[in-house]
Amino acid sequence: MLNVVSLPQIDFPKGFLWGTATAAHQVEGNDIFSANHYREITQDYPEKAGIACDHYERYPEDFKLMKELKHTAYRMSIAWSRIEPAEGVHDEEALAHYIAMLNMLKELGIKTFVTLSHGSKPQWFSAKGDFKIRENIKYFERHVQYLVPGIADLVDFWLVINEFNIGGGPALEDVGNFRANSLIAHAKGYHIIKQYSDRPISSAHALRACLPEDAFDRFDRQFADLDDWLSNEFFFHAIRTGEIVLPFRDGEFVSELKDSLDYWAINYYCKRIISARKAKVDGKWPTATHLRMIDKEFYLEDFYPEGLTAGLCRLKDKPVFLTENGVCADDDRWRIVKL
């Protein structure tokens with residue numbers, strides 16, 4: 001395990017971007033037209049977004065705090081659910097609101113990383129089957145075509161979709177369809193954005209360190225390799241070659257997918273322990289790295305920086321930005337670093 005106490009002094013280069021990352025549904029509050037909101041009010045969710053921290057209304061205060069903290073970048077998402085609350089109906093006031101947010105960030109000298117789809121898909125889109133149905137990609141294309149021209153001059157870095165590489169639900173058929181179709185939606189979004197902007201484009205990838213529970217058990221190793229393919233390698237391979245290869249479905253080549261990414265956008269948190277003998281394949285964490293930072297079971301209870309280092313070694317062909325990273329802690333002493 002990496003001993004962070006013994007790390008040498010690290011000097012970050014001039015111009016290095018330090019920033020904040022958010023998702024609209026998690027911070028804005030009152031995202032009442034989103035599929036996430038619909039699930040929260042119809043299912044037994046232990047935590048509901050509700051008003052959240054009211055970022056939608058209080059963003060001027062939040063942006064000033066970022067400036068005081070000397071942040072130089074802000075990753076935000078624009079809620080599709082606010083822009084198109086009903087199918088084919090666009091809310092111009094919502095678009096104007098996001099333009100005002102982006103203008104303020106420009107005035108403060110904060111670089112903008114803008115995600116077009118990050119957990120705020122409209123409920124009507126979810127009811128049609130989301131990206132599990134290929135025919136639904138056209139609705140996302142229409143959304144991107146509407147949204148991008150109005151904000152193109154205010155965006156420094158684009159992110160088309162967030163973390164579709166770990167989405168799709170528990171059924172393997174749904175997983176394959178969702179991830180394959182999301183790849184194509186990403187590519188179509190990429191090429192639409194290119195019509196209006198010369199700024200770098202990506203989609204945020206949830207980098208998963210997939211480790212066997214028993215490193216000497218062949219079944220654990222094989223299941224860990226499969227999880228890595230399902231989570232990581234299918235995405236890297238598709239971007240590099242245009243070929244979509246996912247388990248239990250025919251492979252396909254999509255020419256517009258090849259090289260449809262200008263930088264790797266990496267979200268990283270912790271490792272996943274894989275057991276071939278568990279139906280959901282989740283194995284046990286070693287107690288040595290299990291850190292109870294909040295008083296509930298949560299997947300961010302493990303400390304594994306090596307997973308990021310190893311994962312980045314697979315991504316030497318393009319620039320890399322870490323677009324999410326952090327811990328869930330009640331006590332800020334877990335996350336404070338003295339610089």
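Q: Where is D130 found?
A: D130 is found in the loop between α6 (123-127) and α7, where helices (H or I, at least four residues) and strands (E, at least two) are DSSP runs numbered from the N terminus. The structure is a predicted model, in which local features need pLDDT of at least 70 and side-chain atom pairs count only at pLDDT 80 or more, while totals for chains, interfaces and linings use all residues. Residues are numbered from 1 along each chain as its sequence is written, and side-chain values use heavy atoms, with hydrogens and water left out.

Q: Why is D130 called buried?
A: The term buried means under 20% relative accessible area, exposed means over 50%, and partly exposed lies in between (1.4 Å probe, protein chains only). D130 has a relative accessible area of 14%, and therefore it counts as buried.

Q: What is the phi of D130?
A: Phi of D130 is near 55°, a positive value in a residue other than glycine. The place of V281 is in the loop between β10 (271-274) and α10 (305-312), and with a relative accessible area of 17% V281 is buried.

Q: Is R277 buried or exposed, and what makes it count that way?
A: The relative accessibility of R277 is 55%, so R277 counts as exposed. R277 lies in the loop between β10 and α10. Contact means heavy atoms within 4.5 Å, and, leaving aside neighbours within four places in sequence, R277 is in contact with D217, F219 and D220. R277 and I99 are 178 residues apart in sequence and 51 Å apart in space, C-alpha to C-alpha.

Q: Why is K138 called partly exposed?
A: K138 has a relative accessible area of 49%, which is why K138 is called partly exposed. K138 is found in helix α7 (residues 137-151), and its C-alpha atom is separated by 9.3 Å from that of K188, which is 50 residues away along the chain.

Q: How do you know which class S117 belongs to, buried or exposed?
A: S117 has 4% relative accessibility and therefore counts as buried. S117 is found in strand β3 (residues 111-117), and, apart from neighbours within four places in sequence, S117 is in contact with F140, V160, I161 and N162.

Q: What makes Y268 count as buried?
A: The relative accessible area of Y268 is 3%, so Y268 is buried. Y268 has its place in strand β9 (residues 264-268). Beyond its neighbours within four places in sequence, the residues in contact with Y268 include L207, A209, Y304 and L308.

Q: Why is I184 called buried?
A: At 7% relative accessibility, I184 counts as buried. I184 is found in helix α8, and, leaving aside neighbours within four places in sequence, I184 is in contact with R134, I137, I244 and V254.

Q: Which residues have the most contacts inside the largest nonpolar core?
A: A nonpolar core is a set of buried Ala, Val, Leu, Ile, Met, Phe, Trp, Tyr and Cys residues joined through side-chain atoms within 4.5 Å. The largest such core has 69 residues, and those with the most contacts inside it are F63, M76, Y98, I151, W158 and F235. Helix α8 (residues 172-194) gives the most to this core, with ten residues. Apart from it lies another core, of seven residues, among them F113, F157, L159 and A265. In soluble globular proteins, nonpolar side chains tend to be buried together.

Q: How many helices and strands are there in the protein?
A: There are ten helices and eleven strands in the protein.

Q: Why is the protein called as compact as a globular protein of its length?
A: The radius of gyration is taken over C-alpha atoms, and the globule rule is 2.2 Å times the number of residues to the power 0.38. The radius of gyration of the protein is 20 Å, close to the 20 Å that the rule gives for 339 residues, so the protein is as compact as a globular protein of that length. Of these 339 residues, 46% count as buried.
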